[in-house]
Amino acid sequence: MNKLLTFAVLLGGLSSAHAASIMDAPAPAQQAAPAAQAPAEPESIYVISRLEEGELDRIVAVVNQDVITERELQNRTHVVAINLRRQNIQLPPMETLRAQVLDRLITERAIMQRAKETGIRIDDQMVNASIEQIARQNNLTVDELNQRLAADGVSFAAFREEIRDEITTQRLREREVDEKIVILDSEIDTYLAEQAGFTNADTTEYRLAHILLPLEPGADETQLLETGMQLAQRARNGEDFSALAASHSRSPDALEGGDLGWRDRSRIPSEFWEAISKDPKTGNVFVTQTKTAVHVIKVLDQRDGVEAKLSGGPVVQTHVRHILMFVSDITPEADVLRRLNEIKARIDAGEADFATMARLNSVDNSATRGGDLGWIQAGDTVPEFEAAMNALQPGQVSEPIKSQYGYHLIQVIERRTDKEGNPQRMRIAARQALREKKLAEAVYNWQRELRDQAYVEIRGENLD
């Protein structure tokens, strides 16, 4: 789960986001990578930190030259437990929960080390700007945010480092994964041909949850599949699926109950659809195996699709304008965010006009038109822009939104429904749907590779 959203759930200001990836999962933490060589012993087995009076903060895991301490594990487990309770998900046994959290911490530590190697640095100004944005999204001041975290037993210092790590991870993933996704025209042709054969029933959306059991090198596939079958049967017998996911799944969404959210047929991975399509009734549980994992899938609910099929039909269009600013050596990221937030505050207060501020501040070619982008629809813009635009009502102005082009302020002017389909727009939407599917597996493989390359040593067999 995105750490910013994790803390938003702690604050009670935002709902938990469902993971978009079905395979975005770290490898288990129980064994060290065999190919890696053990690093030199850390300078100190104990760090100068106290859990209780007289009790030293011991090391629970070594990741290359770095360590994870008992205090870190306890703090993160505490945060996760609060999040689970607020989602009404039954907590797994504490030993299982700690093992899951430790597994996630190890993968995160490997990612942070890779970011350091590649020169990614997040300064304090950027962290401060992000915290200010989180506070505003929850209708809080930074001081009130601090107080709310303290009430949940979360230190503000730990919160700051979580935000720094999240921004770092996003930057690294954009560089090493997102930018390398390629969609061929032939893939789009095949995808559109499949969509053209859909019946009306195929526009149904399904809310799915899953348990991911990764297939490790040398693992017994038969045994792993049997484990999946056993978990599926337990779910069919009435055990809470979200609790089973929190206890057994190795996906990052495990500690949110494995909920994948609502997806239409085009956004369900083919292996999943092949498993559930014969009888996708609400409550049914299925098991399927891919090259890298065994998945247990439950159909939580279904509803009529709310979007037009790619083969044609009415299309919602939005008349939108924006202000674009980008980061440079002269204008660092924190300054860009601060400036955009000042502009938004003036517009919201009626002290400034959006079009005027766009002409004065936007670096986009649309600045001469007051930032006006005209009428656009699904697939015309990058996903971050589109998601923010769709969440706005006419007249509303977004928070600063980051995309590959820079930071945007977005204002929706009006909306309409176009009754005619457009072949080029169909291809754009198809490309985005295919990219989303590819990105899920690419992120999973990237995390696995970073984890497998690291030397990992678990200190002590009992983590409770």
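Buried means under 20% relative accessible area, exposed means over 50%, and partly exposed is what falls in between, using a 1.4 Å probe and protein chains only. These legends describe a predicted model, where local features need pLDDT of at least 70, side-chain atom pairs count only at pLDDT 80 or more, and totals for chains, interfaces and linings use all residues. Residues are numbered from 1 along each chain as its sequence is written, and side-chain values use heavy atoms, with hydrogens and water left out.

**View 1. E333 and R171 meet in a salt bridge.** A salt bridge here is a side-chain nitrogen of Lys or Arg within 4 Å of a carboxyl oxygen of Asp or Glu, and by that rule there are 28 of them. For E333 and R171, the N to O distance is 1.9 Å. E333 sits in helix 11 (residues 333-348) and R171 in helix 6 (residues 156-176), so the pair ties together parts 162 residues apart in sequence. Helices are DSSP runs of H or I with at least four residues, strands are runs of E with at least two, and both are numbered from the N terminus. E333 is buried at 10% relative accessible area, while R171 is partly exposed at 22%.

**View 2. Helix 6 also takes part in a pairing of E174 with K402.** Their side chains form a salt bridge at 3.9 Å, N to O. K402 belongs to strand 10 (residues 401-403) and E174 to helix 6, so parts 228 residues apart in sequence are tied together. Both ends are partly exposed: K402 has 30% relative accessibility and E174 has 31%.

**View 3. A salt bridge joins E187 and K438.** This one spans 3.0 Å, N to O. E187 lies in helix 7 (residues 185-196) and K438 in helix 14 (residues 423-453), so the link ties together parts 251 residues apart in sequence. E187 is partly exposed at 25%, and so is K438, at 31%.

**View 4. Here is the second largest pocket, with a volume of about 760 Å³.** A pocket is an open set of points on a 1 Å grid over the protein atoms alone, with protein on both sides within 12 Å along at least five of seven lines; lining residues have an atom within 4 Å of a point. The volume is the space filled by probe spheres set on the points, which are joined across faces, edges and corners. Of its 27 lining residues, E72, R109, M112, E161 and D165 are closest to the centre. Helix 3 gives the largest share of the lining, seven residues.

Note on methods. 1 Å grid on protein atoms, 1.4 Å probe; cavity = no way out; pocket = protein on both sides within 12 Å on 5 of 7 lines; lining within 4 Å.
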